[in-house]
Amino acid sequence: MTTGVSEIFTEVTADGVLVMAINRPEQRNAMTKEAAVELAAALDRLDADPEISVGILTGVGPTFCAGMDLKRFAATGERPVVEGRGFGGLVQTPPAKPLIAAVEGWALGGGFELVLAADLVVAAEGAKFGLPEVKRGLIARAGGIFRVPQLLPRPIALELLMTGDPITAARAERYGLINRVVPDGTALAAAKELASAIACNAPLSVRNSKAVAGLSRVWSDDDAFELQKPYTDEVFASEDAAEGPAAFAERRSPVWKAR
């Protein structure tokens with residue numbers, strides 16, 4: 001079923017993947033306050049709906065997202081920020097469930113910062129990623145100035161941040177910033193394939209794996225085994241932990257209950 005709410009389109013696939021598409025193609029999908037509020041609502045749905053396992057964020061048309069709508073910012077001071085969630089309704093508080101960015105064309109400024117807030121990235125060959133804020137007298141404060149150095153080698157990160165020049169999908173893949181580069185026009189289809197490979201797994205196992213992978217970035221090795229216990233113990237005590245081995249032994253597909 002597909003629904004349109006002004007500036008964000010959503011679609012839930014048969015295998016429980018929520019596709020969220022920024023729908024301002026004539027404005028290169030530049031982010032507005034309205035779109036940010038709608039995207040935040042879609043992400044709330046992603047986490048709340050037990051029938052949905054994975055989210056995909058993409059853009060309608062040839063551009064993923066050109067960042068903040070600078071014309072609106074210049075005219076009215078409008079900032080596409082949602083309280084508690086940040087730019088685009090995403091960057092400050094990403095969803096607990098996996099989120100894949102499917103990128104065609106440009107991902108600039110806040111658009112790139114939306115990508116950086118995703119867990120996995122599928123990009124078309126012609127995609128480009130950049131943080132041009134320094135060229136506008138601004139700064140990449142929606143996650144760019146600290147997530148780019150976390151994900152890229154420091155010299156490459158500083159080049160992006162200080163020159164404002166973009167990098168290609170091929171170069172981004174070389175440095176591990178994105179997962180897959182695919183032919184132009186196929187990023188969403190490839191992202192759906194990747195999402196399906198995740199959606200067939202035990203939801204609680206996937207969600208808690210994501211949680212620990214994020215939290216453990218600030219854990220020491222000495223602390224990590226103890227601090228992971230609330231997440232790993234929850235999984236091993238779940239019904240799904242019994243269902244998985246049983247389904248394997250009986251040579252059938254598992255029926256997950258996310259508990």
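Predicted model: local features only at pLDDT ≥ 70, side-chain atom pairs only at ≥ 80, totals over all residues.

**Stop one: helix α3**

Select residues 110-117, which make up helix α3. How many of its eight residues are buried? Eight of the eight are, so the helix is mostly covered, with buried meaning under 20% relative accessible area. Click through them and you'll pass Gly110, Gly111, Phe112, Glu113, Leu114, Val115, Leu116 and Ala117.

Searching the whole structure turns up one aromatic pair, and you're looking at it: Phe112 and Phe129, with 5.6 Å centre to centre. Their planes sit at 50° to each other, and the pair is tilted. What does the pair tie together? Phe112 belongs to helix α3 and Phe129 to strand β10 (residues 128-130), so parts that are 17 residues apart in sequence are linked here. Both Phe112 and Phe129 are buried.

**Stop two: Thr32**

Next, jump to Thr32, in the loop between β3 (17-22) and α1 (33-48). Is Thr32 buried or exposed? Its relative accessible area is 0%, so Thr32 counts as buried.

Show the side chain of Thr32 and look at what it reaches. There's a polar contact with the side chain of Glu7, at 2.4 Å. The Thr32 side chain also reaches the backbone nitrogen of Ala35, at 3.1 Å.

Finally, select what Thr32 touches, leaving out residues up to four places away in sequence: Glu7, Arg24, Asp69, Arg72, Glu78 and Pro80.

Technical notes:
Residues numbered from 1 in each chain as written. Heavy atoms only, no water. Buried < 20%, exposed > 50% of the residue type's maximum accessible area, 1.4 Å probe, protein only. Helix = DSSP H or I, 4+ residues; strand = E, 2+ residues; numbered from the N terminus. Phe/Tyr/Trp six-rings, centres within 6.5 Å; stacked < 30°, edge-to-face > 60°. Polar contact = N/O pair within 3.5 Å; in protein donor to acceptor, adjacent residues only side chain to side chain. Contact = heavy atoms within 4.5 Å.
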